[in-house]
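Q: I would like to learn how to read the features of a model like this one, step by step. Could we begin with the terms and then go through the elements in turn?

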Amino acid sequence: GTLAVIAADAPGTVAAELDVVFPVLHGPYGEDGVVQGLLESLGVPYVGCGILASAIGMDKVAMKRVLRAEGVPVTPQVSFDAQTYRTVDDPEKLVLGLRRPLFVKPARMGSSIGISRVAEGDDLAAAIEEALKHDNVIVVEQGVTGRELEAGVLGGWRPEASAVGEVQVKGGWFDYQQKYFGDSDPMIVPASLPEEVTERIRELSVRAFAAIGGWGLARVDFLYDEANGDLYVNELNTLPGFTAHSMYPKVWAASGVSYQDLVDRLVELAFVRHAERPASARLEEPR
């Protein structure tokens, strides 16, 4: 069939004519469950995670709670809201028990926006103020010195994990500037790792995906502390970058799944989920 790409300026009028939507929208309103809810209410099949998994994937506080509940290792962290921050006399009291460096992040923001690394002697309050420009809930994570590794998950009820890739970071951490304006390709696929570490990453990726109730796709980002062999799930990205140069297609290409096959399978999974909706979730189909 033919594929029409439609700019959905007026979603209500456009959606009735669509067979399936592939929401390659990053950040708020795109991967946080909002557009997914709109499409559900219109009865239109769409690619990727549903409302709940999308919302959890976007909210770093909810995500860590869900992963911890399922026994998936995450870095030590605390979270608090703007009101709590404003009422303490010393912000250090909010991060007791966490070692520096710390990463201060808005709870619901992507692309490393509003994130600061706070080392010994750095101003914690300034970092919190910066994050508060983007959200009224803040997460402070204990930094891990280690390698940044990523795996893709693809599937529905029985999802599978891809080869493992590595993001090589120049100086410090993979911030917005390096992500979007870096001149070198920082991705190595497959990552050079012992077989058992690769397998553990793939197994944890599928477990993390199941924990949030994922469907279709997600990229799972890890921190690997080689010195003591610890692996942590840093986050799940339920709508990962999807250009030919992005990590998600690259790790699947290394697993023998081409870009074309990836798109085909994701669209097929959108229809599978749509067909399997419980009767209570089905609206009267438009005539």
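A: A residue is called buried when its relative accessible area is under 20%, exposed when it is over 50%, and partly exposed in between, using a 1.4 Å probe and protein chains only. Helices (H or I, at least four residues) and strands (E, at least two) are DSSP runs, numbered from the N terminus. This is a predicted model, in which local features need pLDDT of at least 70 and side-chain atom pairs count only at pLDDT 80 or more, while totals for chains, interfaces and linings use all residues. Residues are numbered from 1 along each chain as its sequence is written, and side-chain values use heavy atoms, with hydrogens and water left out.

Q: Which residues of helix α4 are buried?

A: In α4, which spans residues 60–69, the buried residues are Lys60, Val61, Met63, Lys64 and Leu67. They cover an arc of only 165 degrees around the axis (taken from the directions from the helix axis to the C-beta atoms), and therefore lie on the same side of α4. The face turned away from that buried side carries the exposed residues Arg65 and Ala69.

Q: What do the buried residues of α4 pack against, and what is found at the start of α4?

A: Contact here means heavy atoms within 4.5 Å. The buried residues of α4 pack against α3 (51–58), β1 (77–81), β2 (102–106), β4 (137–142), α8 and β9. At the start of α4, a side-chain oxygen of Asp59 comes to within 2.9 Å of the backbone nitrogen of Val61, where a polar contact is a pair of N or O atoms within 3.5 Å; within protein, one must be able to donate a hydrogen and the other to accept it, and residues adjacent in sequence count only if both atoms are side-chain atoms. After α4 comes Gly71, whose phi is positive, near 75 degrees.

Q: How should I read a sheet, and in what order do the strands of the 5-stranded one stand?

A: Strands of a sheet pair through backbone hydrogen bonds, either parallel or antiparallel. Two strands count as paired if DSSP finds at least two bridges between them. Here 5 strands form an open sheet with antiparallel pairing, in the order β7-β6-β5-β8-β9. Because β7 (187–188) and β9 (230–237) stand at the edges with a single partner strand each, one side of each is left without a neighbour in the sheet.

Q: Which strands pair with β8, and how enclosed is β8?

A: β8 (residues 216–225) pairs antiparallel with β9 over 7 bridges, and 9 bridges join β5 to β8, again in the antiparallel sense. Towards β9, Phe222 stands opposite Val233 and Arg219 has Asn237 as its bridge partner, whereas Gly216 of β8 stands opposite Gly155. The hairpin of β8 and β9 has 4 residues between the strands, and in this hairpin Gly229 takes a positive phi near 75 degrees. 10 of the 10 residues of β8 are buried, so β8 is largely enclosed by the rest of the structure.

Q: Which elements does helix α8 lie across, and which residues have the most contacts inside the largest nonpolar core?

A: Axes are lines fitted to C-alpha atoms, for helices over the stretch in contact, and angles run from 0 to 180 degrees between N-to-C directions. Helix α8 (residues 195–212) lies across β5 (147–155), β6 (160–167), β8 and β9, and runs at about 130 degrees to β8. A nonpolar core is a set of buried Ala, Val, Leu, Ile, Met, Phe, Trp, Tyr and Cys residues joined through side-chain atoms within 4.5 Å. The largest such core has 27 residues, and those with the most contacts inside it are Leu67, Leu149, Leu193, Ile201, Phe222 and Leu236. α8 gives the most to this core, with 7 residues.
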